[in-house]
Amino acid sequence: MLQKKTVDDLQVKGKRVLVRCDFNVPLQDGVITDDNRITAALPTIKKLMGDGGKVILCSHMGKPKGEPKPELSLAPVAKHLSELLGKEVVFAKDDTVVGENAKAAVAKMQDGDVVLLENTRYRKEETKNEENFSKELASLADVYVDDAFGSSHRAHCSTVGVTEFVKESAVGYLMEKEIAFLGNAVNNPVRPFVAILGGSKVSDKINVINNLLEKVDTLIIGGGMAYTFAVAQGGHVGESLLEEDKVPYAKEMIEKAKAKGVNFLLPVDTVITKEFKNDTEYKTVPTGEIPEGWMGLDIGEKTRELFADAIKGAKTVVWNGPMGVFEMENFAKGTKAVAEAMASIDATTIIGGGDSAAAVNQLGFGDKMTHISTGGGASLEFLEGKELPGVAAVDDK
Ligand code: AMP
């Protein structure tokens, strides 16, 4: 269990509470296209408002690289949050984040008020965890709450540095929930425990595969990363994604799975094309028999059945990474099959953020899963068994 202080351990009445959220939401022409990360932060915000705190929210958005970029302003988030909370969230428009405007907005706050600061990455110090900006952020508040699971794998001013300069710090409800679900699934799973990994690269998931092989009963690998494993088994993959330098590692993992008695499932067939686009000729061939000039973009029908069967027998399932190029309809069937199989079982089902979370929501299976993580990178690092700096920095109970 989490030994960190949580918002339930705080007395915030009349105090200024700086809350780091993950409001890094997709925007199109200034309109938020997916507000899951914002709604996920509401329980903590409402709790602190209800307890009479002065709630100062902060977050990053995108990568403005240390300078103000109007298209990455958090202004649309303030507007949306005001609607969700039914109360005005004052946007402290300030290119330096903690400038005169922000200070004035905070000085005016009454108990239960909410202010949102500008994008923390407008400041170049943020991603370097430099002391001056951490101190500036801390100067606005008495207490700090970290509810930004999606940013907790980064040691930045607003996730780590700031904790050194406030009187007290705690994690928010979202952070608590994410760590409880992911932590229980990985460290204390009801078995059989099945993990499914996909996405483009083996190199991004090296430590995840290694760590999960210590924990799971079945490990399923699909997506672009499966072709490196196919080559490790002596197959031909044509023009498919391949990381040749990772072939020895893939061999090692296949051996490790055998030694550990882990059921290691790789695609048996694959949907191939000559061009990387949706509207083009495609066909299914056995994995490992992909002709020159063709590339695999999705798992085939037999693999979909094989993976779905393995998922159906599970009591805990963790999934990270699509099974194919799901952004193109003709190559989304594998990802859909996995989502469908997970949605149909009576088990703890956890989606590790990023593309798989987007796919599950897009396909309409969101409410069928036990937990959809708001953090892609953070949940991967958690699955690697790493300590998340944003969590470690918060006060212990
Ligand atoms: P990642 O960022 O590593 O989780 O990878 C996600 C991306 O992998 C998605 O954009 C998918 O389109 C892509 N992907 C999945 N399978 C394949 C494949 N067989 N070939 C090329 N890209 C793939």
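Reader: In which sense do strand 1 and strand 7 pair, and over how many bridges?
Author: This is a predicted model, where local features need pLDDT of at least 70, side-chain atom pairs count only at pLDDT 80 or more, and totals for chains, interfaces and linings use all residues. Residues are numbered from 1 along each chain as its sequence is written, and side-chain values use heavy atoms, leaving out hydrogens and water. Strands of a sheet pair through backbone hydrogen bonds, either parallel or antiparallel. Here strand 1 (residues 16-20) and strand 7 (residues 143-146) pair in the parallel sense over 4 bridges. Strands are DSSP runs of E, at least two residues, numbered from the N terminus, and a pair needs at least two DSSP bridges. Within this pair, valine 19 stands opposite valine 145.

Reader: What is the strand order of the open sheet?
Author: Its 6 strands follow the order 5-6-4-1-7-8, with parallel pairing. Strand 5 (89-92) and strand 8 (168-171) are at the edges with a single partner strand each, so one side of each lacks a neighbour in the sheet.

Reader: Now the ligand: which atom of it is 2.5 Å from the side chain of glutamate 327?
Author: A polar contact is a pair of N or O atoms within 3.5 Å. In this site, an oxygen atom of the ligand is 2.5 Å from a side-chain N or O atom of glutamate 327.

Notes: A polar contact is a pair of N or O atoms within 3.5 Å; within protein, one must be able to donate a hydrogen and the other to accept it, and residues adjacent in sequence count only if both atoms are side-chain atoms.
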